[in-house]
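Here are some notes to read alongside the model. Have it open and follow the points in order.

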Amino acid sequence: MKILILNGPNLNLQGRRDTDVYGTQTFEEYLEELKAAFRQVEFTYFQSNVEGLLIDCLQQADHSVDGVVLNAGGYTHTSVALRDAVSAGSVPVVEVHISSILAREEFRHRSLLAGVVVGSVMGFGLDSYRLGVEALLLKNNG
């Protein structure tokens, strides 16, 4: 199975930004743990702070992967265009968040993606990604 992990804005700062919320481990370090835990999965990874590049990546993924784990960062709450890209695709997308967006500022409580993804995982730190991968594996086998 091929899974794309797609990270949006500021997630390149994982391990350095708001460490009390997001922790000190970099995403690249965590990705190595994911690869070791899911040897049956071929992972690809892309991060961008640019909305259009995330959309381009989603559109390309529609023909090359079996599922997407998407942390859209701040675009979760603002990007109709990213929502439309998820909706237009045929591969399942699981939305993930390191923190619980429902336990944060009120403007973060609404996800524009929630209505077009197969599910959402939030609040489990970086393990939200692992749970997202497990959800895609279950969906693919079920």
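1. Start with strand S1, residues 2-7: five of its six residues are buried, so the strand is largely enclosed by the rest of the structure. Buried here means under 20% relative accessible area, with a 1.4 Å probe and protein chains only. Helices (H or I, at least four residues) and strands (E, at least two) are DSSP runs, numbered from the N terminus.

2. A word on the source: this is a predicted model, where local features need pLDDT of at least 70, side-chain atom pairs count only at pLDDT 80 or more, and totals for chains, interfaces and linings use all residues. Residues are numbered from 1 along each chain as its sequence is written, and side-chain values use heavy atoms, leaving out hydrogens and water.

3. Now look at the partners of S1. Strand S2 (residues 42-47) runs parallel to S1, joined by six bridges, and strand S3 (residues 67-71) pairs with S1 in the parallel sense over five bridges. Two strands count as paired if DSSP finds at least two bridges between them. Ile3 sits opposite Phe43 in S2, and its bridge partner in S3 is Gly67. Leu4 faces Val68 in S3.

4. Zoom out to the sheet. It is open, has five strands in the order S2-S1-S3-S4-S5, and its pairing is parallel. S2 and S5 stand at the edges with a single partner strand each, so one side of each has no neighbour in the sheet. From one strand to the next, the twist averages 20°. Angles run from 0 to 180 degrees between N-to-C directions, and axes are lines fitted to C-alpha atoms, for helices over the stretch in contact.

5. Helix H3 packs on this sheet, touching S1, S2 and S3, and its direction makes about 170° with that of S1. Contact means heavy atoms within 4.5 Å. Which residues of H3 are buried? They are Leu54, Ile55, Cys57, Leu58 and Ala61. These cover an arc of only 160° around the axis, which puts them on the same side of H3; the arc is that of the directions from the helix axis to the C-beta atoms. Helix H4 (80-88) is also among the elements covering them.

6. Last, helix H5 (residues 127-141). Its buried residues include Tyr129, Val133 and Leu136, and the buried residues of H5 pack against helix H2 (27-37) as well as S1, S2, S3, S4 and S5. H2 and H5 pack at about 35°, with axes 10 Å apart. Phe27, Tyr30 and Leu34 in H2 meet Asp127, Tyr129 and Arg130 in H5.

Methods
Buried means under 20% relative accessible area, exposed over 50%, partly exposed in between (1.4 Å probe, protein chains only).
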